[in-house]
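Here is a friendly walk through one protein model. Have the picture open beside you as you read.

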Amino acid sequence: MHIEFVEIANFRKLLSARVDLSVKTTLFVGANNSGKTSAMLALRRFLTPRRCPFDIHDFTVCHLRALVEIGEAWLQANQAGSVADLALDPWVHALPALDLWLQVKEDEVHRVRDLVPLMEWAGGRLGVRLRYEPKDLNALFKEYITAVIEANAMREAAAAAKAAGAATGPKLTVWPESLVDFLTKRLSSMFTIRAYPLDPELLANPEKLRALPQTLPSSALPIEGDPLCGLIRVHDIPAQRGFGEIPSGIGEEGELQTSAGGTRLSEQLRSYYAKHLDPAKGPDPRDLEALQAMEAAEDAFDLKLTESFSECFTEVAGLGYPGVSDPRPRVSTRLRAIDGLNHSAAVNFEVEVVSEAGAVTPLLLLPEGSNGLGYQNLISMIFRLMSFRDAWMRVGKASKGIEAASIEPLHLVLVEEPEAHLHAQVQQVFIKKAYEVLRRRPELGENDVLRTQLIVSTHSSHVAHETPFASLRYFRRLPAGMVAKVPVSTVINLSQVFGEETDTERFVTRYLRAQHADLFFADAAILVEGPAERMLIPNFIRAHYKVLHHSYVTLLEIGGSHAHRLRPLIEHLGLLTLIVTDLDSLTGTGGTSVQPALGAGQKTNNATLKTWVPVLDDVDALIGAPPAAKTITDAGDTLFAVRAAYQTPVEVTMPGATAKETAYPYTFEDALVFENVGFFAAFAGTGLTAKFQKAIANGGGAPAVGASMYTALKDGKKAEFALDVLMADNFSNLKVPQYVAEGLEWLLEQMKKKQGETLATAPATAVLIATAAGPGPGGMP
């Protein structure tokens, strides 16, 4: 049995999203504010409601207006003396819900009997909807009306006082101003989670940008009790782990209290000891020695205390108390084994020191808080995973408790942003070892009767590259007006991007790992041809395109013969992409490399231009292609586009000449020279730089200079050339090659549209957003 996927609806940024889960490890990736935290929080809210109660802000913002209108309708009905609509139907489309879909074997039916929709079900997919809804609409109606009446009375009293001159000052805001305002304080007492069985036959595949959860009939009845009790055990490690904080005091039970609570290793050890090792809980023969030692210590301490307080008690007796028949005071102690761990130095780390004699001995002890935050974080997370595993398996003393009767077949573990404070290599080690730690018990291993599923959210490309594509779930932001009236998110399953075990998958996986690329966290990507572009284009962006410089754009160096291999990934991600590549002209189909020229029947050898964009192989057609032909867009996804930028003719006036000539660059390097021919004519250097200067000095017009540079580029060191250019004093004065500039201008315009919270192409929607998301009636957020 395992969780196949969940569909989350009406929860924060997740208006309607399907999140597929891998059988072992699932990794949530995506840019900031893309919905990863919303998904993790939804799992906590619905699966562990006692530890993580709901808040009114968990409702998707676009639905709050509907709740305000329900409250207004109730008030109007009450004022008119008519019967208010207390049906659940008006609420349903706004209620947060999580559909949990399981894959269950036929011999596991006894564990999911409450979820089986039909008597003839013979194993396979089963679903349950967890919906956060009002407990009792009649009670909610009465409490809301009562609160509004009391608030109105207070407002009237304040208005009367102000009219009489008895009160002055700022405007008084009285709770509640709307039903949403009322629920900010009463949500937990008025709402509850109810479970409904789902029909696998009615399950619909999601659309490109949103899931399609099935509609429950209005007559649907909730399942009695908690159908997931005894089925799923949930543990989590939140992003905020509070390292480096000092304990704030001693609690009522004598235990250290921290502001973050339960994150230090010493605190985790105390908790683990109390659950699994404490000899006072269900003692067995192995605990006798420890219990005898504690009792002997108690007796010795009691004797010492009796002697110490004897003078005090004698003095009290001199006052006439206690009398002959009065009970006499006596001091006794009670020692607990866990008391030995109830202090800030319960865990120390040995530091090896070399003595004068040369011997290495652990002479110094450092308290836990003196270690680096990364070391603390790693040890803490690994120990917590061990604790989660042992708590699920009821290891040690936990096996004798009430909950030990049956172990849940599913263990769901949530880890947020494990990379905090960790070095890149340690991040990679953690994600590779985390699942192994959760399964390191003799009863587990490869046993699929007891299943562990680990979900990790991250912003680290190092963590992402150590995880197979099949385990990645990409969260993508969608602006208001694209799917809903407010910004929301969609989730993309990358398991089938390349197919299974294909050459393309292997290439992309190895390439991204080698490049440490952050495609999964960027807002846009620039794919470039070679090292010169990789070094110079970022500096051109820094000097001339400030908006792009401050945007999250990732740049990857990948040759034209391989860029198209990234196409399935980029299209699945919906990632805005600029491809800066070369014409790679040939004398003809299957011919040899040649300097570009019009009317010569030349063909391109660039696979990206031939098969991806603009899907042309004729050099004349490529040179004459308009901007629209160099761009791929998606009518169903207005934020996704791919643009190719490659060499185009350059109008240049050579030194000493008065007329302009047309030059046909072959690569980025000679295109840069033709755009800045005066600069390079005077720019001294070595290697390609010297050869380009000599070609310009020899003259003969643009065709001759181009031919000389084409020859020089055959065996020239392009990276060395780029470094020479970067070191130039007046680098910022260089003109960007025309084809690169056109591509960057296009990307700049696309980024401006993408970074807005509202699509510029939907002005009518903007008014709706202002109504739904801005301050509305009753101060609705």
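A cavity is found on a 1 Å grid over the protein atoms alone, as a set of points where a 1.4 Å probe fits but cannot get out, and its lining residues have an atom within 4 Å of a point. The volume is the space filled by probe spheres set on the points, which are joined across faces, edges and corners. The model is predicted, so to speak of local features a pLDDT of at least 70 is needed, side-chain atom pairs count only at pLDDT 80 or more, and totals for chains, interfaces and linings use all residues. Residues are numbered from 1 along each chain as its sequence is written, and side-chain values use heavy atoms, with hydrogens and water left out.

**A cavity**

Which residues line the second largest cavity? They are Leu15, Ser16, Leu209, Arg210, Leu478, Val483, Val488 and Ser489. This cavity has a volume of about 40 Å³. Strands β2 (14-20) and β15 (488-493) each give at least two residues to its lining; strands (E, at least two residues) and helices (H or I, at least four) are DSSP runs, numbered from the N terminus. By class, the lining has five nonpolar, two polar and one charged residues. Here Ala, Val, Leu, Ile, Met, Phe, Trp, Tyr, Cys and Pro count as nonpolar, Asp, Glu, Lys and Arg as charged, and the others, Gly among them, as polar.

**A sheet**

Next, find the open sheet of five strands, ordered β17-β16-β18-β22-β21 with mixed pairing; two strands pair if DSSP finds at least two bridges between them. Because β17 (553-557) and β21 (631-634) stand at the edges with a single partner strand each, one side of each has no neighbour in the sheet. Strands β16 (residues 524-528) and β18 (residues 576-580) run parallel and are joined by five bridges. Leu527 has Ile579 in β18 as its bridge partner.

**Two helices**

Helices α19 (residues 688-698) and α21 (residues 718-726) have axes that come within 8 Å and cross at roughly 80°. Axes are lines fitted to C-alpha atoms, for helices over the stretch in contact, and angles run from 0 to 180 degrees between N-to-C directions. The pair α19 and α21 is therefore roughly perpendicular, a label for 65 to 115 degrees. Leu688, Thr689 and Phe692 in α19 meet Lys718, Phe721 and Asp724 in α21, where contact means heavy atoms within 4.5 Å.

| Cis bond | Omega |
|---|---|
| Trp175 to Pro176 | near 0° |
| Val613 to Pro614 | about 5° |

Terms used
On a 1 Å grid over the protein atoms alone, a cavity is a set of points where a 1.4 Å probe fits but cannot get out, and a pocket is an open set with protein on both sides within 12 Å along at least five of seven lines; lining residues have an atom within 4 Å of a point. Angles under 35 degrees count as roughly parallel, over 145 as roughly antiparallel, 65 to 115 as roughly perpendicular and the rest as oblique.
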